[in-house]
Amino acid sequence: MIAEVTGIRKIRMLYLQLLYRCNFTCLHCFHGERLQYADAFTAEEATSLLTLMRDEYGTEAVTLLGGEPFVHRDLARVVRHAKEELGQRVEICTNGYRIERQLTEIAPHLDLLRVSLEGVGSTNDGIRRQGSYQSALNALSLARDLGVPTGATMTVTSRNIGEVLPLAGVLAQYAVRQLKLHRLRAVGNAADHPELLITAPSVYGRLREELASADLPLEVIVDEDLSEHGAPQVCAPSGGPREIDRVEADPRGALTMSCKAVGKDSHAFWYEKAVGRIVHRPSEADELTLPVPDVVYARA
């Protein structure tokens with residue numbers, strides 16, 4: 001259905017939000033009240049969507065998210081299906097809180113564990129959860145010992161922008177290969193914490209300058225919103241690319257070409273779980289948005 005409507009024939013990666021539920025209530029979380037929603041993919045629904053995307057769009061990788069994916073009781077089953085049955089590259093984005101048992105179980109099938117951190121020590125814990133910083137480092141340490149490659153994600157706020165480089169230094173000690181930076185959007189919980197927002201674009205400019213001149217111990221990726229010219233508001237697919245980097249599925253089955261639509265419910269396609277097919281619902285979409293490339297600051 002996506003191909004018929006947009007002309008897009010290949011989608012490299014599926015971002016699959018397995019559930020909304022989470023064991024954290026971070027100050028900046030874009031899900032907001034949805035963290036309390038019961039919507040979730042069952043193991044059967046998740047594996048069916050993965051298979052459909054592989055067969056119809058050549059999807060070769062999956063990133064599993066939430067909520068908190070390690071809260072999902074059948075996470076291991078989904079991971080094994082993606083890796084063993086479909087031969088896909090499997091990445092998980094997690095808060096890293098007390099995941100040691102499950103991580104040990106799925107380590108042989110995991111290509112990347114990406115842990116979210118919002119600064120060093122108390123800065124992180126003040127935004128996420130008390131004790132979450134050390135727990136995240138414990139998860140990274142175990143992943144290193146298990147031979148699982150690791151990355152990290154940080155949402156840049158007024159509270160932690162000064163800790164990007166210090167955090168990179170800490171992460172390098174745990175053999176973390178990559179730190180990805182995101183811009184905070186005033187949706188979800190962040191809408192209730194405007195003090196976390198950075199309103200002056202020049203602040204991001206200084207950060208980019210620091211990254212460009214720093215002797216980086218790992219690769220730092222700055223997402224489209226933090227790049228010099230920002231992200232385009234709309235990239236309509238009509239007459240556009242035949243191949244895109246990703247599509248994202250939320251726990252209800254709503255699909256979108258980019259996370260830019262988060263918080264707006266402007267989705268054009270849905271995965272109907274009961275029948276295992278993708279349908280087009282144009283009345284529920286404003287315009288499709290396609291991602292633009294991130295900016296990479298490589299280690300020296």
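Guide: Helix 2 and helix 3 cross in a right-handed way. This is a predicted model; local features need pLDDT of at least 70 and side-chain atom pairs 80 or more, while totals for chains, interfaces and linings use all residues. Numbering starts at 1 along each chain as its sequence is written, and side-chain values use heavy atoms, without hydrogens or water.

Visitor: Why is that crossing called right-handed?

Guide: The near helix is turned clockwise from the far one by less than a right angle, which is the definition of right-handed. Helix 2 and helix 3 therefore get that label.

Visitor: What makes helix 2 roughly parallel to helix 3?

Guide: Helix 2 (residues 43-57) and helix 3 (residues 75-85) pack at about 25 degrees, with axes 9 Å apart. Roughly parallel means under 35 degrees, so helix 2 qualifies against helix 3.

Visitor: Which residues in helix 2 and helix 3 meet?

Guide: Contact means heavy atoms within 4.5 Å. From helix 2 come Ala43, Glu44, Ala46, Thr47, Leu50, Thr51 and Arg54; from helix 3, Arg77, Val78, His81, Ala82 and Glu85. The contact divides into 5 nonpolar, 3 polar and 4 charged residues. Ala, Val and Leu are among the nonpolar types, Glu and Arg among the charged.

Visitor: How do you know that strand 1 and strand 2 pair?

Guide: Pairing takes at least two DSSP bridges. Strand 1 (residues 10-17) and strand 2 (residues 61-65) have 5, in the parallel sense. Tyr15 stands opposite Thr63, and Gln17 opposite Leu65.

Visitor: What makes strand 11 and strand 12 edge strands?

Guide: The open sheet has 12 strands in the order 11-10-9-8-1-2-3-4-5-6-7-12, with mixed pairing. Strand 11 (277-280) and strand 12 (295-297) each pair on one side only.

Visitor: How do you know that strand 10 pairs with strand 11?

Guide: Strand 10 (residues 269-272) is joined to strand 11 by 4 bridges, running antiparallel. Glu272 stands opposite Arg277. The two strands form a hairpin with 4 residues between them, and Gly276 in the turn has a positive phi of about 70 degrees.

Visitor: How does helix 7 run relative to strand 6?

Guide: Helix 7 (residues 164-173) lies across strand 5 (150-156) and strand 6 (178-183), at about 150 degrees to strand 6.

Definitions and conventions. Axes fitted to C-alpha atoms, helices over the stretch in contact; angles between N-to-C directions. Parallel < 35°, antiparallel > 145°, perpendicular 65-115°, else oblique.
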